[in-house]
Amino acid sequence: MERSLVTTNAKHITYKKPPLEITILGGIRLDGLDRLRTTLKIQVEHLAIRHNPLTLVTNED
């Protein structure tokens, strides 16, 4: 199976490249990108890892 990026639902973005599947739950807000808070689900075959919430911060001076 090939890799795929599914963005048809802005609240549930999925990237698949077997055996890896990455899902961004809740979508991405385009305002305030200096701080991104989202739920990230990473699945490798039958093992799922979910981190809620995940905060990504940039500190550019």
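Okay, quick definition before anything else: buried means under 20% relative accessible area, exposed means over 50%, and partly exposed is in between, using a 1.4 Å probe and protein chains only.

What you've got up there is a predicted model, so local features need pLDDT of at least 70 and side-chain atom pairs count only at pLDDT 80 or more, while totals for chains, interfaces and linings use all residues. Residues are numbered from 1 along each chain as its sequence is written, and side-chain values use heavy atoms, with hydrogens and water left out.

Overall layout, then. The chain has zero helices and five strands, giving β-β-β-β-β along the sequence. Those are DSSP runs numbered from the N terminus: helices are H or I with at least four residues, strands are E with at least two. Of the 61 residues, 13% are buried.

Thr23 sits in strand S3, residues 20–25. Is Thr23 buried or exposed? Buried, at a relative accessible area of 4%. And what does Thr23 touch, once you skip neighbours within four places in sequence? His12, Ile13, Thr14, Thr39, Leu40 and Lys41, where contact means heavy atoms within 4.5 Å.

Thr14 is on that list, so let's go there. Thr14 belongs to strand S2, residues 12–17, and is buried too, with a relative accessible area of 7%. Ignoring residues up to four places away in sequence, Thr14 contacts Ser4, Leu5, Val6, Glu21, Ile22 and Thr23.
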